[in-house]
Amino acid sequence: MAEAMARFGKKQLVVAARLSSGRCERLGFKRVISLRSEGQRGKCENLNTPTNISAYNSLKPPSFKLDKGQRQKDHVLKKPRNISAYYNLKSPSYKFDALEPYMSKRTLEVHWGEHHRGYVESLNKYLAKDDILYGYTLDELIRVTYNNGNPLPEFNVAAQVWNHDFFWESMQPGGGNSPILGLLQQIEKDFGSFSNFKEEFIETALTLFGSGWVWLVLKRNEKRLAIATTTNAVTPLAWDDIPLLSLDMWEHAYYLDYKNDKARYANVFMDHLVSWNSALARMARAQAFVNLGEPKIPVA
Amino acid sequence: MALRTFAKTLGVPSRVQQQLRGLQTFTLPDLAYDYGALEPAISGDIMQLHHQKHHQTYITNYNKALEQLDDAIAKGDASTAVKLQSAIKFNGGGHVNHSIFWKNLAPTKEGGGESPHGSLGWAIDESFGSLEKLIAKMNAEGAAVQGSGWVWLALDKELKRLVVETTANQDPLVTVGPSLVPLIGIDVWEHAYYLQYKNVRPDYLKNIWKVINWKYASEIYEKECPK
């Protein structure tokens, strides 16, 4: 399993869940190639050939003249028995010490390796219990378990998995500076200037009470950028806005490096860590869903 | 009111003005023990940061908010007065909760961790079965708090019984029920344990019982619930 995860590490796979095929069809998701079966752990040679070789070797068209025993023996596509759905722990696209000295290797080791991993494992444990939640992508799972403000217990862990994935991508080594191109234009349009935005973002981070996140979101209905805060695990995905950047203001995100000095942490994030490249990419994608330009209505 | 405006025209410094208008500000209470006295349950580093930085920040911001509130009330500015309520609940609650917390802790040499005797001990056995069961319940609830908050052993004055409650952020216990008196409060904000226990909050909760000051809790209980 570890090998498989290393090989497919960057992609997040939802491996086909249940065993009885009837269930799979009812839920309507594609059955992805099984990654393991009993006795074949860790032997994933190639994504294209399944691990349960024996099933394929005995692939013969069923013969109608055979007796029952023979037919059972030639049963096509012997299904592996112990597949379960799982969400993979995606690793950041940079090494743990790449963000030094602004975010230490130790912080990343604990934050990613223990907190984030803990959330992923809890999520998989929840999913192992509850069939209804199979088949959703992570985004959909968050929306469903948010339950319009009355979150189900899976919400916290699912949302935190997503939030942390998003957070690692919102940072990069050599980050900071300022955005460029269309994102800069939109920020200037909605906040006045980039330095106004930066000030507002940092102030919002400092006045947040308790644990939470600070976001730069693109609001779908108002068609503009805004700064949003959420408590605990809540994410703007839950009310259908499009997040572009996030800053983790839970104490575990900065305590090892900055102790209680939130101001320094927020400033360092803005000056040295934030990845405007990923914000730009997310903005470009968001424009497929939100039309920010004025409609070009011809006059005569 | 006249005295206040008189003081302003004279250019009297604001702290004197505050005293003239009777605004009570708060200062950081001292601990009854050294920072390192609670080791190894809670490290000296954490105690020092927790007391000198976190608690002090709550007090500073609480005083600031009170000043602003006082101004707003004097001017009759209702919307500002209401807007300040969340800052007051947060920072004031932080001050109140932490003041209780320091008294809830004691080094083992001075009785920390010793089981409660007397009426509180009987009440615990009656309400929860045994001290171990109470500890298990509080640890479970404390570990389950999402994000930041506190877990409390409280006395319900009206119903005359002990309850275990949790509050979010720095909400004081009275926000859960006006007749609740806090006996033991455990801070489960990450700053209370992160440097030592990282993300393993259950370990922190298990170990903190070794330095809990039951004597203080018994005193409060006997005061509120005299035999």
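Helix α9 of chain A spans residues 194–206. With 13 residues, α9(A) reaches 19 Å from first to last C-alpha, close to the 18 Å expected at 1.5 Å a residue. The model is predicted.

**Exercise 1.** Find the buried residues of α9(A) and explain on which side of the helix they lie.

*Solution.* 
1. Apply the cut-off: buried means under 20% relative accessible area.
2. That picks out A:F194, A:F197, A:F201, A:I202, A:T204 and A:A205.
3. These residues cover an arc of only 160° around the axis, so they sit on the same side of α9(A).
4. Recall the helix geometry: an α-helix has 3.6 residues a turn, so residues three or four places apart point the same way.
5. Now turn to the other side of α9(A): A:E199 and A:E203 are exposed there.

**Exercise 2.** Which elements of chain A do the buried residues of α9(A) pack against?

*Solution.* 
1. Take the helices: α8 (181–191), α11 (262–273) and α12 (276–286) are among the partners.

**Exercise 3.** Describe the largest pocket and its lining.

*Solution.* 
1. Start with the volume: the largest pocket holds about 690 Å³ of space.
2. Of its 28 lining residues, A:L206, A:K262, B:T57, B:N61 and B:F90 are the closest to the centre.
3. Two or more lining residues each come from α9, α10 (251–258) and α11 of chain A, and from α3 (44–75) and α5 (85–104) of chain B.
4. Helix α3(B) gives the largest share, seven residues.

Terms used
Residues numbered from 1 in each chain as written. Chains lettered and ligands numbered in written order. Predicted model: local features only at pLDDT ≥ 70, side-chain atom pairs only at ≥ 80, totals over all residues. Heavy atoms only, no water. Helix = DSSP H or I, 4+ residues; strand = E, 2+ residues; numbered from the N terminus. Expected span 1.5 Å × (residues − 1). Buried < 20%, exposed > 50% of the residue type's maximum accessible area, 1.4 Å probe, protein only. Arc of directions from axis to C-beta. Contact = heavy atoms within 4.5 Å. 1 Å grid on protein atoms, 1.4 Å probe; cavity = no way out; pocket = protein on both sides within 12 Å on 5 of 7 lines; lining within 4 Å. Points joined across faces, edges and corners; volume = space filled by probe spheres on them.
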